Amino acid sequence: MTVTAASPALLHGVGDRALTWLDDHREHFRLTPDDFASNGAVVERLKPIGELALNMHVLFREGVAGSRQKERAGKLLDFTWRELLDGGNVLARLQHDEPMSPVPLEVYATFHELGHRHPGLESALAVCRRTRTWTALEMMPNRRLGVLNAERKLGLPPSSDFDQAVGRTWLGQLPEPWTVQLHIAYDLTHTVFHLTNWGEAPEQIPPAIADYLARYLPAWMEDWADLEHWDLLGELLVVDACLPRPTLDAELWERYAAAQSATGAMPIQRRMPQGDAARVFDLVHHPTLVAAFASAMATSRALSAVG
């Protein structure tokens, strides 16, 4: 069956609207005094902050932002580093309190790529990485890939073998495709993200894995589109854009774009939730970040095909 690729205009529009919403709701990313009362709460609030920075980095890297988008993305990045993370001090404080947590390393890696530096945090990370505990930490295989990719971004020696880590993931073992369920699907998307450094290097996907995804990803995307699970569909659309030969399926992208609210927010599943603004933000910030990511990657690949 021949698949028609989505137009760059459609792909770009999804990201433009998502970025508008993220910018309009930037204050909701801010940590509160209550968050600082618990390191667990800080970690939970750091995840969307790290994802916001990563999205803006991808937007700049792929070169698909218009002048308005570039200005907004630049201001968001500056806001994230200077105000949300207090110039990296929030990460350094968490590293001090939870020295073996890989979270500060993973979040800091994106900012380091963008030219930001926090010498105190880097010194603390160096001490922790010299311990046996650092390599012995037990974590999901795709999470291990994330740590290794963060170490690479920082120019640090890898704490374990990357190829062996890939082989331990669900995707690396090429299991029966019909066993994919929600948590497995999210795990495999992140395996691809870490393999390719968030879409930067599609050629880093091993040929056997690329062939496996080319065969089965279309069916998975169709299934989650039918379930109207827009958050997971968005991540799978990113995976498609990371493949050597992406489909950029126009029908799926049209369904995905139609699910986006007029404000630019993307619901997790079915329709936008209603209620208190802070609660709605907590529910939809992730799928909206995913929409911005998917748009940047897919637009870049579409424009490359046209060129």
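This is a predicted model: local features need pLDDT of at least 70, side-chain atom pairs count only at pLDDT 80 or more; totals for chains, interfaces and linings use all residues.
Helices, such as those named below, are DSSP runs of H or I with at least four residues, numbered from the N terminus.

**Pockets**

The largest pocket is lined by 35 residues, and those nearest its centre are Lys47, Glu51, Glu106, His190 and Trp198. The elements that contribute two or more residues to this lining are α2 (39–62), α5 (103–113), α8 (141–153), α10 (182–195) and α14, with the largest share, 11 residues, coming from α2.

The second largest pocket is lined by 19 residues, of which Asn149, Arg152, Phe162, His194 and Leu195 are the closest to its centre. Here α8, α9 (162–168) and α10 each supply at least two lining residues, and α8 gives the most, with 4 residues.

| Pocket | Volume | Lining by class |
|---|---|---|
| Largest pocket | about 1,000 Å³ | 16 nonpolar, 10 polar and 9 charged residues |
| Second largest pocket | about 260 Å³ | 9 nonpolar, 6 polar and 4 charged residues |

**Positive phi angles**

Leucine 248, although not a glycine, has a positive phi of about 50°, and this leucine lies in the loop between α12 (230–242) and α13 (250–259). Because its relative accessibility is 5%, leucine 248 counts as buried, the cut-off for that class being under 20%.

Arginine 270, a residue other than glycine, likewise has a positive phi, near 60°, and lies in the loop between α13 and α14 (277–306). Its relative accessibility is 46%, so arginine 270 counts as partly exposed.

Conventions
Residues are numbered from 1 along each chain as its sequence is written. Side-chain values use heavy atoms; hydrogens and water are left out. Buried means under 20% relative accessible area, exposed over 50%, partly exposed in between (1.4 Å probe, protein chains only). On a 1 Å grid over the protein atoms alone, a cavity is a set of points where a 1.4 Å probe fits but cannot get out, and a pocket is an open set with protein on both sides within 12 Å along at least five of seven lines; lining residues have an atom within 4 Å of a point. Grid points are joined across faces, edges and corners, and a volume is the space filled by probe spheres set on the points. Ala, Val, Leu, Ile, Met, Phe, Trp, Tyr, Cys and Pro count as nonpolar, Asp, Glu, Lys and Arg as charged, and the others, Gly among them, as polar.
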